[in-house]
Amino acid sequence: MSEIDKLRAELKALSSEYAKIKTLPPEERGGFGKEINIKKQEILAKLARAEEEAENIDVAPIDISAPCAPNETIPKVKRGTKHPLMVELSRVVDVYASMGFNVMESRQLDDEFHMFDSLNFTKGHPARDGYDTFRTSEGFIPPAHTSTMQHRALKKYKEDLENGGQIAVVIPGRVFRNEDADATHEHTFYQCEGVFVSKDATMGQMFGVLKHFFEAYYGQALRIKTQPGYFPFTEPSAELLIEKPESLGGKGGDWLEMLGCGMIHPNVLKMAGINPEVYHGFAWGGGIDRLAMLKYGLNDVRYFESGKLEFLEEF
Ligand code: DAH
């Protein structure tokens with residue numbers, strides 16, 4: 001029996017002594033009661049001490065000077081890295097920001113108006129089919145290009161224009177297309193949109209901005225050329241190509257199509273409440289995946305969304 005149990009048993013036995021008081025002659029009762037009380041106080045004090053000692057036994061003293069080796073006791077955690085496309089996306093945005101462009105965030109669910117109507121795709125326009133858009137059962141559209149943000153960008157910065165300034169904004173974003181994936185097509189990829197509006201914006205300015213962007217991004221002088229394109233939201237429209245530089249495996253004369261661009265269609269400006277008689281603008285949009293593939297010499301776009309760690313860890 002432990003010390004504590006013994007004391008508790010004594011305490012219990014003592015309580016039956018109280019019952020005896022009544023059986024004693026009145027003159028003895030006081031003395032007897034006093035005696036039991038003293039005994040009881042003694043037992044209680046001993047019990048308290050014994051209980052305190054028992055508690056202390058379990059508490060090991062902490063040695064704060066002991067050497068600590070957390071890596072030996074905690075399993076090693078492998079730290080992740082930023083996805084290569086996110087790294088490239090911030091580099092792209094940084095180049096445009098250094099030229100004075102504002103940055104707006106895109107969204108991953110949009111609607112018919114921003115995907116088509118606001119961009120001058122009239123109802124039933126055949127070009128609507130060219131975008132392989134996904135649709136949710138509620139009729140929303142995961143954007144098939146970052147141009148869905150143009151209308152919002154124009155409206156957001158319209159005041160700057162009216163105050164004598166200009167609109168200069170880039171919008172990176174994730175886009176989705178309902179098409180079969182192969183080495184150069186993926187259902188999910190990233191684009192960066194650019195919008196510029198002022199009283200005297202020209203195509204020449206646009207090519208200057210884009211040439212500077214590509215040279216800053218790839219860190220070297222590059223040759224660019226354009227070819228005609230068609231987009232309902234620009235007039236005229238163009239495609240911009242860059243010559244694959246030798247440092248990235250080019251042999252001279254390898255032209256790569258990098259983005260679509262053009263002068264913003266008057267209807268697009270009008271829909272955002274901007275007078276196309278007074279203001280002019282240019283816009284462009286191109287894939288981030290494509291930029292990164294050229295930079296790193298990748299030949300299959302599907303790696304980016306594959307979740308393959310061996311691939312991702314190379315960056
Ligand atoms: N949104 C077009 C695409 O994904 C690219 C594009 C073309 C964007 C012309 C523009 C533009 O802003 O002006 O194919």
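Helices (H or I, at least four residues) and strands (E, at least two) are DSSP runs, numbered from the N terminus. The structure is a predicted model, in which local features need pLDDT of at least 70, side-chain atom pairs count only at pLDDT 80 or more, and totals for chains, interfaces and linings use all residues. Residues are numbered from 1 along each chain as its sequence is written, and side-chain values use heavy atoms, with hydrogens and water left out.

Pockets were examined on a 1 Å grid over the protein atoms alone. A cavity is a set of points where a 1.4 Å probe fits but cannot get out, whereas a pocket is an open set with protein on both sides within 12 Å along at least five of seven lines. Lining residues have an atom within 4 Å of a point. Grid points are joined across faces, edges and corners, and a volume is the space filled by probe spheres set on the points.

The largest pocket holds about 1,100 Å³ of space. Its lining is made of 42 residues. Phe189, Glu257, Met258, Gly287 and Arg290 lie nearest the centre of this pocket. The elements giving two or more residues to the lining are β3 (188–198), β5 (234–243), β6 (255–264), β7 (280–287) and α9 (288–296). Strand β6 gives the most, with 6 residues. By class, the lining of the largest pocket has 19 nonpolar, 13 polar and 10 charged residues. Here Ala, Val, Leu, Ile, Met, Phe, Trp, Tyr, Cys and Pro count as nonpolar, Asp, Glu, Lys and Arg as charged, and the others, Gly among them, as polar.

The second largest pocket has a volume of about 180 Å³. Among the residues that line it are Met86, Val103, Arg107, Arg174 and Tyr190. The largest share, 3 residues, comes from β2. The lining of the second largest pocket divides into 5 nonpolar, 3 polar and 3 charged residues.

Arg174 also takes part in a salt bridge (a side-chain nitrogen of Lys or Arg within 4 Å of a carboxyl oxygen of Asp or Glu). Its partner is Glu305, and the closest N and O atoms are 3.6 Å apart. The pair links distant parts of the chain, with Arg174 in strand β2 (residues 167–176) and Glu305 in helix α10 (residues 303–306), 131 residues apart. Burial was classed by relative accessible area: buried means under 20%, exposed over 50%, and partly exposed in between (1.4 Å probe, protein chains only). Arg174 is partly exposed at 26%, and Glu305 is partly exposed at 28%.

By the salt-bridge rule, the count comes to 13. Arg152 pairs with Asp110, with the closest N and O atoms 2.9 Å apart. Arg152 lies in helix α6 (residues 150–162), while Asp110 lies in the loop between β1 (102–103) and α5 (112–115), 42 residues away. Both Arg152 and Asp110 are buried. Arg302 forms a salt bridge with Asp300, again with the closest N and O atoms 2.9 Å apart. Arg302 is partly exposed, with a relative accessible area of 34%, whereas Asp300 is buried at 17%. Glu112, Asp117, Lys123, Arg128 and Arg135 are linked in a network of salt bridges.

Strand pairing was also examined; two strands pair if DSSP finds at least two bridges between them. Strand β4 (residues 224–229) pairs with β5 in the antiparallel sense over 6 bridges. The bridge partner of Pro228 is Ala238 in β5. β4 and β5 form a hairpin with 4 residues between them.
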